[in-house]
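Take a look at the chain shown here.

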Amino acid sequence: MRVIFMGTPDFSVGTLEALIEAGHEIVLAVTQPDKPRGRGKEMQYSPVKEAALAHDIPVYQPQRIRNAECVEELKKYPADVMVVIAFGQILPKEILDMTKYGCINVHASLLPDYRGAAPIQWAVINGEPVSGVTTMQMDEGLDTGDMIMKTEIVLDEKETGGSLHDKLAEAGAKLCVETLKAVEDGTAVRTKQGETGTDYAKQLNKKMGDIDWTKPAVEIERLIRGLNPWPSAYTSWSDKTMKIWEAEVLDKESGQAPGTVAEVDKKTFAVQTGKGMLKILSLQLPGKKRMDTDAFLRGNQIKIGETL
């Protein structure tokens, strides 16, 4: 099929590559405008733009896809279907209805659970045993369109936001190719979404990573994994921001107040939480690389009774 592909981050690239490999003709890649990044604030391409240019695919980067001139621009590229995956803007009805098969979205959750911007990380933070990918026929709502296909991924007990991202990106690429085949063959079955009691997967921000030690150790450990690699979980130590990258739940109590260092040995230290203790296995200080806790303790002194 002739495809207009809409996507922006790394998560979208695998699907773009899979569609090309499956023999689909990508007539246009639509992605977010270049943004300044890093200390030098140099303009950087989105991962989808880089991938598209590598395949000599024309790229369009609208500031606001709903503008009339953007709709007219898309009409210049006749296509059978639009594939949308983590594009980053809401599409108007004019675009949703522009092609023969409409807009097919690849969403990183088992809809109707975890609609929204950050389904991958929230699945880890909330301790879900299973996540997955859903393809759907887009409508004007936010992740509310009719479901077409699903695939499930069982989460590892040490799953991070980063590791689940990679698993779902790979699964989503395969599912999208299968979905387009079914859509073209006329065998695709579309199922209405029911309502769900699951929390909306709201956007992540850096403040979310500020560890509240009054919460149970189990919840904090999941937060640490869910926000790895971004925006990361952190606490304060010796007037410095200490990122916590890996931790282990200890099912015991020290009698200390939450946030207090309760145990220290040569290789690690443990912090009292609202319920249970958390052994810190990997961390990072400002200007330093991520390190195992034993390496940190060889160059820094942390004492029982200190408060984080």
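## The whole chain

The protein chain has 308 residues, and 49% of them count as buried. Keep in mind that this is a predicted model. The chain holds eight helices and 15 strands. Its C-alpha atoms fill a box of roughly 65 × 45 × 30 Å, taken along the principal axes.

How much accessible surface does the protein chain have? The total is about 15,400 Å². Carbon and sulfur atoms own 47% of that surface. Now turn to contacts between residues at least 6 apart in sequence: 65% of these join residues at least 24 apart.

## Helix 1

Helix 1 covers residues 10-21, which makes 12 residues. From its first C-alpha to its last, helix 1 reaches 17 Å. That is close to the 16 Å expected at 1.5 Å a residue. After helix 1 comes glycine 23, with a positive phi near 100°.

Which residues of helix 1 are buried? They are Phe11, Ser12, Val13, Thr15, Leu16, Ala18 and Leu19.

## The nonpolar cores

The largest nonpolar core has 37 residues. Phe5, Leu164, Leu168 and Leu180 have the most contacts inside it. Helix 6 gives the most to this core, with nine residues. A second, separate core has 21 residues, including Ile211, Trp237, Met242 and Ile280.

What does phenylalanine 5 touch, leaving aside its neighbours within four places in sequence? Its contacts include Ser12, Thr15, Leu16 and Leu19, and these four are buried residues of helix 1. Phenylalanine 5 is also in contact with Ile26, Leu28, Ala29 and Val30. Val48, Val83 and Ile85 complete the list.

Ile90, Leu142 and Tyr200 make a nonpolar surface patch of about 290 Å². Where is tyrosine 200 placed? It is in the loop between helix 6 and helix 7 (217-226).

Tyrosine 200 has a relative accessible area of 46%, so it passes the area cut-off. With that value, tyrosine 200 counts as partly exposed.

Note on methods
Residues are numbered from 1 along each chain as its sequence is written. This is a predicted model: local features need pLDDT of at least 70, side-chain atom pairs count only at pLDDT 80 or more; totals for chains, interfaces and linings use all residues. Side-chain values use heavy atoms; hydrogens and water are left out. Helices (H or I, at least four residues) and strands (E, at least two) are DSSP runs, numbered from the N terminus. The expected span of a helix is 1.5 Å times one less than its number of residues. Buried means under 20% relative accessible area, exposed over 50%, partly exposed in between (1.4 Å probe, protein chains only). Patches are made of residues with over 30% relative accessible area and no salt bridge: like charges are joined within 9 Å, nonpolar side chains (Val, Leu, Ile, Met, Phe, Trp, Tyr) within 5 Å. Accessible areas come from the Shrake-Rupley method with a 1.4 Å probe; for residues, only the protein chains shown count as cover. A salt bridge is a side-chain nitrogen of Lys or Arg within 4 Å of a carboxyl oxygen of Asp or Glu. A nonpolar core is a set of buried Ala, Val, Leu, Ile, Met, Phe, Trp, Tyr and Cys residues joined through side-chain atoms within 4.5 Å. Contact means heavy atoms within 4.5 Å.
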